[in-house]
Amino acid sequence: MDIKDLAIVRVNNTIPYGGIVKPICNTGYLTKDAGSTFAFEMNSLLRRKGKLVSEDQPNADELNEKIQKSYLPYSSSYNSMSLWCINGVVPDERENAVFGNNNFSHKNVVVIDSLEAHMDDNLLSMNPTDTAIHGNTKLSHSARVMIRQEFYDRLTPEQISMLNDLNIKTFAGDMKTAVDKNLTEMGYTPETLSLKRDDNGYKKSETSDELIATIEKVATDNKKSMEYHHNILTMQTDDKDKFECVKDEFKNDTTVRELYEKTFFNYIFRHLNLDKSIEYECINYSSAFPYMEQLCDEIDAVGLDNYKACVDNYNHTIETLRGKGILPTPQDIVDANKAKQPIDLLSIIEHEMENEQEM
């Protein structure tokens with residue numbers, strides 16, 4: 001094996017229109033922050049009010065997670081790197097005895113490209129499950145984009161017309177099976193990846209040892225790191241000089257998350273009859289459990305249904321802004337903050353609400 005036998009594989013829900021794979025910092029990325037202090041207290045409130053299903057029911061964890069997230073506002077995150085696997089698809093964390101809740105097998109888009117086409121300065125690390133590329137990634141002419149059939153069927157004619165420059169393959173059923181088939185068609189040897197560190201990235205196979213050795217040789221020959229993404233973020237590495245461009249990732253992520261959190265709390269204090277005496281503490285000390293407990297008590301007092309209608313309207317407006325392409329990206333937020341001209345996200349949201357009401 002040599003570098004020509006190495007393929008990079010990325011799984012997500014975003015089609016790389018124009019042949020560009022963007023890290024989330026350059027997109028209108030939205031998520032529900034189920035790990036926040038507010039989310040924890042909201043979960044407690046939902047349980048007290050009987051909104052969650054009994055834990056002895058089938059799929060209770062998944063059902064309750066879906067219910068909980070429906071009561072949470074949109075947040076965002078920052079990452080200036082796109083993450084790829086080598087010669088395989090990243091496994092689900094929960095199903096591989098690894099701490100975490102990332103579920104990849106139900107995603108709708110898979111991008112496969114040759115590693116060789118991306119051996120430039122933007123390739124920060126070569127790792128079976130955590131190959132990191134900084135900034136936007138221009139796909140090569142040999143790249144293949146796999147789209148789940150049901151997802152493809154929901155695309156608009158305009159979106160389908162934007163696929164003309166891409167090598168598109170639709171798939172149905174098990175993602176790993178489909179990825180393995182496509183890798184084989186493209187001349188690569190598919191492997192079963194593992195998130196357990198002792199496995200060195202792959203479950204044992206007839207070719208896994210040779211693949212691991214090839215990755216190590218290519219990385220060494222090209223002076224590339226083989227660090228895991230987490231080690232890069234936390235700078236737990238001897239190659240700190242190689243990662244100077246991403247040294248502020250945690251700081252930037254905090255900037256983005258805090259803006260979304262403060263925006264939402266400002267919004268609900270404007271639009272719900274909440275006790276204003278706790279407004280400052282909730283907005284500025286949102287990681288403190290006592291204040292978030294007080295906030296959820298206030299939400300209980302005004303009614304969960306009223307709160308739910310409020311958060312639904314808020315989230316809908318943010319989705320509308322993203323659909324129109326006018327939602328600030330995480331990078332926009334970070335850049336504005338560094339320029340000491342912070343984005344007033346609340347004004348953008350409420351202006352859009354006013355426009356919708358006038359229509």
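Tutor: The N-terminal end of α5 is capped by Asp 174, one of whose side-chain oxygens lies 3.4 Å from the backbone nitrogen of Lys 176. This is a predicted model, in which local features need pLDDT of at least 70 and side-chain atom pairs count only at pLDDT 80 or more, while totals for chains, interfaces and linings use all residues. Residues are numbered from 1 along each chain as its sequence is written, and side-chain values use heavy atoms, with hydrogens and water left out. Helices (H or I, at least four residues) and strands (E, at least two) are DSSP runs numbered from the N terminus.

Helix α5 covers residues 175–185 and lies across β1, β6 (109–114), β10 (144–148) and β11, running at about 155° to β10; axes here are lines fitted to C-alpha atoms, for helices over the stretch in contact, and angles run from 0 to 180 degrees between N-to-C directions. Its buried residues are Met 175, Ala 178, Val 179, Asp 180, Asn 182 and Leu 183, where buried means under 20% relative accessible area, exposed over 50%, and partly exposed in between (1.4 Å probe, protein chains only). These buried residues pack against β1, β6, β10 and β11, contact being defined as heavy atoms within 4.5 Å. After the helix comes Gly 187, whose phi is positive, near 95°.

The strands under the helix belong to an open sheet of seven, with the order β7-β8-β5-β1-β6-β10-β11 and mixed pairing; two strands pair if DSSP finds at least two bridges between them. Its edge strands, each pairing on one side only, are β7 (123–125) and β11 (168–171), and the twist averages 30° from one strand to the next. Within this sheet, β1 (residues 7–12) and β5 (residues 81–86) are antiparallel and joined over two bridges, with Val 9 standing opposite Cys 85 of β5. Because five of its six residues are buried, β5 is largely enclosed by the rest of the structure.

A salt bridge is a side-chain nitrogen of Lys or Arg within 4 Å of a carboxyl oxygen of Asp or Glu, and a search of the whole structure finds 16 of them. Arg 144 counts as buried because its relative accessibility is 10%, whereas Glu 185, at 45%, counts as partly exposed. Glu 185 also forms a salt bridge with Lys 181, their closest N and O atoms being 2.6 Å apart; these two residues are four apart in α5, so about one helical turn separates them.

Beyond the helix, the loop between α5 and α6 (208–221) holds Glu 191, which is buried yet has no salt bridge, the nearest side chain of opposite charge being that of Lys 176, 8.0 Å away. For this comparison Lys and Arg count as positive and Asp and Glu as negative, with His and the chain ends not counted. The side chain of Glu 191 does make a polar contact with the side chain of Ser 205, at 2.7 Å; such a contact is a pair of N or O atoms within 3.5 Å, where within protein one must be able to donate a hydrogen and the other to accept it, and residues adjacent in sequence count only if both atoms are side-chain atoms. Leaving aside neighbours within four places in sequence, the residues in contact with Glu 191 include Lys 176 and Asp 180, along with Asn 87, Gly 88 and Leu 211.

Ser 194 sits in that loop between α5 and α6 too, and counts as buried because its relative accessibility is 4%. The side chain of Ser 194 makes a polar contact with that of Asp 199, at 2.6 Å. The C-alpha atoms of Ser 194 and Val 90 are separated by 7.7 Å, although the two residues are 104 apart along the chain.
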